[in-house]
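Here's a quick briefing to read alongside the model. Have the sequence and structure open as you go.

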Amino acid sequence: MGRIADRFAQLRGRGERALIPFLTAGDPNLPTTEALVLAMAEAGADLIEVGVPFSDPSAEGPTIQRSSERALRSGTTLRGVLKLIQNLRPKVEQPLVLMGYANVFLAMGERNFAAAAKEVGVDGVITVDLPPEEGQLFFDSLIESGIDPILLASPTTPESRMEMLVERARGFLYYVSLTGVTGARKEMAAGLEEAVSKIREISGIPVCVGFGISTPEQVAEVGRFADGAVVWSALVDLIEAAETPGPAVISVSEFVAKLKGALR
Amino acid sequence: MKVAEIPGHFGEYGGRYVPEVLIAALQELEEAYPKISQSGEFRAELDGLLATYAGRPTALTFARRMTDDLGGAKIYLKREDLAHTGAHKINNVVGQCLLARYMGKRRVIAETGAGQHGVATATACALLDLECEVYMGEEDIERQALNVFRMELLGARVNPVSSGSKTLKDAINEAMRDWATNIRNTYYCIGSVMGPHPYPTIVRDFQRVIGIEARQQMLDVEGRLPDVLIACVGGGSNAMGLFHPFIEDEGVQMIGVEAAGEGLESGRHGAALSAGSSGVLHGMRSLVLSDDDGQIFEAHSVSAGLDYPGVGPEHAYLRDSGRATYETADDESALDSFVYLSRMEGIIPALESAHAVAYARTIAPGLARDAIVLINLSGRGDKDAPQVRDLLAARKSGSH
């Protein structure tokens with residue numbers, strides 16, 4: 001069993017839900033990202049998503065776009081992100097998951113990337129714009145390297161397609177709670193609980209909910225029916241607001257602890 | 001369970017590289033499109049609009065003075081500049097906006113670079129009583145203030161895009177974001193033969209009218225097909241519209257002309273087919289301008305319509321298969337040909353189309369006198385007149 005499956009099994013054993021914070025690698029630079037991941041791990045994160053910046057992040061709202069632009073300006077590349085994971089791996093027991101866009105992963109070549117990611121200790125990969133129909137070689141390469149290709153599902157996903165997705169998904173299924181782009185929002189999408197319980201009827205795979213989750217209250221609400229909550233834009237807001245890395249690490253650490261508290 | 005193969009692939013290119021939230025909308029479009037577009041009612045309404053509103057068929061003009069001047073092949077121009085709004089863009093937007101109406105979508109969004117596709121979409125939306133919002137990069141808004149006014153005059157809302165390079169590619173990203181958010185009531189009207197399946201096919205089908213007409217017109221006038229087709233390629237819709245009905249006519253050579261900008265070796269160009277690599281951008285796999293780390297870089301061309309770092313996937317396929325070839329023309333030669341065609345034939349071409357004219361001028365003298373070259377004059381150059389005036393003035397002062 002991989003690190004991701006282990007983690008969800010442990011959490012289920014303890015009756016806890018997963019807190020999955022996200023941050024963009026290299027925003028504002030890779031050393032700060034390393035400090036932030038360590039702080040998140042310390043503060044109670046169960047799994048950490050590390051975003052690989054892309055020049056054209058068409059599924060992201062303004063917060064993540066700005067974050068990606070800062071990361072690219074600091075010279076962040078996929079190779080740099082893999083080096084970051086290599087540095088973090090001995091210090092972090094939580095699963096580390098990369099999230100990015102197809103062109104960046106495929107530029108390295110499917111098999112080369114899978115081998116390099118395995119080497120440094122990546123546990124899962126989420127590719128925003130690569131549905132299973134297009135990503136067969138990529139997903140097969142990851143699975144052969146023992147890395148989980150994590151798939152996304154959305155409120156617009158038809159039922160028959162959902163069956164295909166849960167069958168192909170590894171690690172967990174990432175359910176995007178709103179139609180639209182990433183960003184912190186005040187209202188949770190209606191029908192979320194029902195949608196998640198429908199997935200549960202057809203599969204035992206852990207279901208985590210993301211997109212638009214920004215407060216401990218929302219995290220607690222999601223924790224009632226899902227296996228985990230992904231928090232992204234709200235954390236990037238904190239990183240953006242801090243003028244220097246020191247305060248960013250402190251505010252992110254406090255916020256992650258508060259969010260995890262809502263899931264225990 | 002086997003994962004179903006997605007149709008809409010052109011060899012290794014095309015496909016549907018989009019976030020999960022867009023899949024259902026693309027499937028809805030994929031199912032609705034053939035049903036609606038093949039219905040007699042839709043066909044009749046579209047043909048009626050093309051004839052009575054868009055000004056089709058457009059003329060085929062024999063370029064007598066240009067032919068004499070170059071001293072080689074006979075040169076014909078397919079006059080898309082004479083279509084309503086001054087370019088081939090209208091063929092696509094009338095088709096897609098009518099499709100949106102038949103699908104029950106009352107809100108249409110579009111991306112635009114210099115504003116041509118935005119103006120065309122705003123036009124079709126006014127005609128068909130649809131709500132219209134256009135995404136346009138802040139930099140382009142500044143450079144093309146008149147087109148922004150045109151769109152607003154036509155009743156559209158223009159949304160400035162401030163992310164990335166603030167140009168066309170960022171406007172496409174923003175339109176995709178809007179579509180993902182408002183997917184239930186919104187139709188995304190893409191401006192070229194690009195994007196996720198089924199868009200490259202839909203836009204091609206609506207632009208095929210160019211080639212269908214030109215093919216018949218050539219038979220009527222010359223009693224035979226042309227030897228060479230030449231069209232400029234940015235996203236590639238006017239070229240695909242001309243080429244596609246000729247694909248099975250093996251004797252007809254097809255040449256797409258990309259923007260070499262300041263030269264291919266300068267890195268400042270828009271030549272994805274000539275200098276790009278296979279990658280994923282804007283929902284498709286195609287040839288794109290991307291660095292070794294997979295980041296997309298900005299395209300450059302004197303012509304805003306060719307200033308795009310990708311290209312329609314079917315062109316990439318035609319290139320690989322050898323059925324079409326792709327050449328380039330740089331900023332300077334396009335500018336020269338802008339002036340040349342104006343003086344020779346009394347036709348001010350769009351800067352985009354001037355790239356096709358520029359390439360034709362390099363090959364026509366070497367062809368036999370009975371050979372026939374057909375250039376797609378994709379648009380008229382009125383929109384470019386202020387920019388060209390400034391460029392020519394700068395050129396003049398530079399030479400003194």
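A crossing counts as left-handed if the near helix is turned anticlockwise from the far one by less than a right angle, and as right-handed if clockwise. By that rule, α4(B) passes α9(B) in a right-handed crossing. Bear in mind that this is a predicted model, where local features need pLDDT of at least 70, side-chain atom pairs count only at pLDDT 80 or more, and totals for chains, interfaces and linings use all residues. Residues are numbered from 1 along each chain as its sequence is written, chains are lettered from A in the order in which they are written, and side-chain values use heavy atoms, with hydrogens and water left out.

**The helix pair in chain B**

- Helix α4 (residues 89-102) of chain B and helix α9 (residues 199-222) of chain B have axes that come within 8 Å and cross at roughly 125 degrees.
- Axes are lines fitted to C-alpha atoms over the stretch in contact, with angles from 0 to 180 degrees between N-to-C directions; helices are DSSP runs (H or I, at least four residues), numbered from the N terminus.

**Chain A against chain B**

- Contact (heavy atoms within 4.5 Å) links 43 residues of chain A with 38 residues of chain B.
- About 3,200 Å² is buried between chain A and chain B, and carbon and sulfur atoms give 51% of that; buried area is the accessible area (1.4 Å probe) that two parts lose on being put together, summed over both.
- In chain A, the residues losing the most area to chain B are A:D56, A:N103 and A:E134, together 19% of what that side buries.

**Salt bridges**

- Three salt bridges (a side-chain nitrogen of Lys or Arg within 4 Å of a carboxyl oxygen of Asp or Glu) are counted between chain A and chain B.
- A:D56 forms a salt bridge with B:K169, with the closest N and O atoms 3.1 Å apart.

Note on methods:
Helix = DSSP H or I, 4+ residues; strand = E, 2+ residues; numbered from the N terminus.
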